[in-house]
2 protein chains.
Amino acid sequence: MNLKLTIAYDGSCFSGWQSQSHKKTVQDIIESAFADIAGHRIIVHGASRTDAGVHALAQVAHVTLGEVSPKMSSPERWQSALNASLPPQVRILRAQRVSKTFHARFCAQSKIYRYLLWHDHTLPPLLYQRAWHIHGPLNFSLMKEMASIISGIHDFRGFTARSGAAQKNTIRDLYSVKVAQRGKEISLIFHGNGFLYHMVRMLAGAIVHVAREKTDPKDFLLRLHGAQAPIAPHTAPAAGLYLVRIFYKKINGLGVEM
Amino acid sequence: MNLKLTIAYDGSCFSGWQSQSHKKTVQDIIESAFADIAGHRIIVHGASRTDAGVHALAQVAHVTLGEVSPKMSSPERWQSALNASLPPQVRILRAQRVSKTFHARFCAQSKIYRYLLWHDHTLPPLLYQRAWHIHGPLNFSLMKEMASIISGIHDFRGFTARSGAAQKNTIRDLYSVKVAQRGKEISLIFHGNGFLYHMVRMLAGAIVHVAREKTDPKDFLLRLHGAQAPIAPHTAPAAGLYLVRIFYKKINGLGVEM
C-alpha cells in the first residue's frame, strides 16, 4: 500500500525536514513513529526539504508499506496511530491511499510558500519564531513592484544558496507572487512550479532590502537577470517561511493519483 | 514618575503573571528587567493575575519610579530598555506616563478575554498550547444560547475556583459574550466589568460541555443561579485563554489617567 501523507509542523522545534545524523528532524521523527507501529524501518519521502525553523501547513510525503496487518489496512488508522506516537509539534492532517506511481516529490506540480513579515516597532511574543520582524520605513509600492517583476519564468541562479553546478536547471516559473497587507502583517505569497534551495528566503530577503531602500532595484534586476550582482544577497530568516500547499494532478476527481 | 505599561506575552513560557518563589512568572521577569536598568527593586502592579499558560495580547501594569536619570526620563526610553532586557516571549508594547493616582488594577473599568477553541479531528501544530482542541459533535446554536444566557449581571459564585468566603462579592456584569466561528476556529469573547478567579475558563468549560451535549443546559442554569449544581464544574485549559484588552476611563482624550 502506498500512502500519501499531508503533514503540518512547527519548524521552530526541528532541524528541518530532512534526516540528519544526530539531529532532530521531522523526517526522522515520522520515520521513528512508523517504526514504532510497523516494527521495521519505513522510509518517508517528503516533497519539500524545508530548512530548520521553516513551518509547514501542508507538507506532503509518501511511504510504501509492505504487508500490513488487517487492523492497519486503512489510511485513517495509520493517521491516528502516527499522531498518537508523534509529538504535538508534528501532525498528520490526512492520510490517503494512492497509486504505486505516486511520488511526493517527483509528482508535485506546483507549490505555494508564504513569507510572513511583521512591520512594527515591536514583535508580538506570539509571533516570535513565526515572522520576520522588520521595523523602520518600508516602501510598500516598491515591494509590490519587485513582486511583480519576479513573477514569471526566470533563471533564479542568483537566488539560490547552492552553486549552479549542484542544480543544473535553475529556471523556474513563478505563477504569481502576491503581497498582502493586513495591519502590521505583510505576507509575500509565492506560487511556482518549483523552488531552488533557499530561493524563497533569498527572494523575500531581496524584496525587503529593496523595500527598505537599502538595495537599489537595479541591483535586484541584475541578480534576476543572471549577472553577478554587485552586492551580497540577503537571505530572510527561516522563521518567517511557511510551506502552505503542494499541488498534484487530479485523477478521477480524487485529488490524488490512484 | 508613574508609568503605565501595556504588555504582551506567550503564556506557555511562564508560571502565570503573579510573582511566586522559585517560579518563572511574567511579573518576576519584568521586575528583574526593571532592577537591571534602575539598579534597585521596582514593584510591577498588574491589572490581571493571568494563570500559567494564559496568553496576554495587552495586559496592563503600572510602576512608580522614583528619581530617574535624565536619559531615562521618557516612557519610550523605558520601553526600549525593558524590551532589550526581556526575553522575546514578553514584550512591552507601550509605555505611557500617567498620573500618580493611576493604578492598573483598581482603575480598570472593564476587560476583554478571548477563549479560543479548535474544532476538528486534528490540532494544527502552530496552535499547540494556544487553543483548546475539541473534536466530535458540537452544537453551535446551543453554544450561542448559553453565551446569551450568561450575558448580563449574575452572581458567578458557581464559576470560580475560590470559595465564596475568599471573594465576598461574586456579582459581575458581562456586557457581552460573543461566539464567533471562522472555519474550524471558534472564539468565545467575554467583555465584562470584572472576572473572578478561573471564571472565564469555567464559563468556557461549561459552555463547551453543554454544546457537546454532555451537560444538560438546566444544570448550567442551576449553577448560574447560585444553586449547588449536581455535576462538577469543567474548567477549560489555560492554553486557550487570551487577555485581549483592559479599558480605563479616558481623561483629556489621552486614553490614560494623567
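A residue counts as buried when its relative accessible area is under 20%, and as exposed when that value is over 50%. By this rule B:H191, with a relative accessible area of 19%, is buried. The structure is a predicted model.

**The interface between chain A and chain B**

- The size of an interface is often given as the accessible area lost when the parts come together.
- Here the area buried between chain A and chain B is about 1,700 Å². Carbon and sulfur atoms give 69% of that area.
- The count of salt bridges between chain A and chain B is zero.
- Two residue pairs are in polar contact across the interface, both at pLDDT 80 or more.

**How the two chains are related**

- Two copies of a chain are related by a rotation about an axis and a shift along it.
- The same surface serves both copies, as 100% of the contact residues of chain A recur in chain B.

**Two buried histidines**

- A:H55 is placed in strand β3 of chain A. A:H55 counts as buried because its relative accessibility is 0%.
- The side chain of A:H55 reaches the backbone nitrogen of A:G11 at 2.9 Å.
- Leaving aside neighbours within four places in sequence, the contacts of A:H55 include A:Y9, A:D10, A:G11 and A:S12. Also among them are A:Q129, A:R130 and, from chain B, B:L126.
- B:H191 lies in strand β9 (residues 185–192) of chain B.
- The side chain of B:H191 makes a polar contact with the side chain of B:S110, at 2.8 Å.
- Not counting residues up to four places away in sequence, B:H191 touches B:S110, B:K111, B:I112, B:D173, B:L174, B:Y175, B:S176 and B:F247.

**Exposed loop residues of chain B**

- B:K71 lies in the loop between β3 (55–64) and α2 (75–85) of chain B. B:K71 counts as exposed because its relative accessibility is 60%.
- B:K71 and B:L123 are 52 residues apart along the chain, and their C-alpha atoms are separated by 48 Å.
- Most residues other than glycine have a negative phi.
- The phi of B:H22 is near 60°, a positive value in a residue other than glycine. B:H22 is in the loop between β1 (2–9) and α1 (26–38) of chain B, and is exposed with a relative accessible area of 83%.
- The phi of B:E213 is also positive, near 60°. B:E213 lies in the loop between α4 (199–211) and α5 (217–224) of chain B, and counts as exposed at 56% relative accessibility.

Key:
Residues are numbered from 1 along each chain as its sequence is written. Chains are lettered from A and ligands numbered from 1 in the order in which they are written. This is a predicted model: local features need pLDDT of at least 70, side-chain atom pairs count only at pLDDT 80 or more; totals for chains, interfaces and linings use all residues. Side-chain values use heavy atoms; hydrogens and water are left out. Buried area is the accessible area (1.4 Å probe) that two parts lose on being put together, summed over both. A salt bridge is a side-chain nitrogen of Lys or Arg within 4 Å of a carboxyl oxygen of Asp or Glu. A polar contact is a pair of N or O atoms within 3.5 Å; within protein, one must be able to donate a hydrogen and the other to accept it, and residues adjacent in sequence count only if both atoms are side-chain atoms. Helices (H or I, at least four residues) and strands (E, at least two) are DSSP runs, numbered from the N terminus. Buried means under 20% relative accessible area, exposed over 50%, partly exposed in between (1.4 Å probe, protein chains only). Contact means heavy atoms within 4.5 Å.
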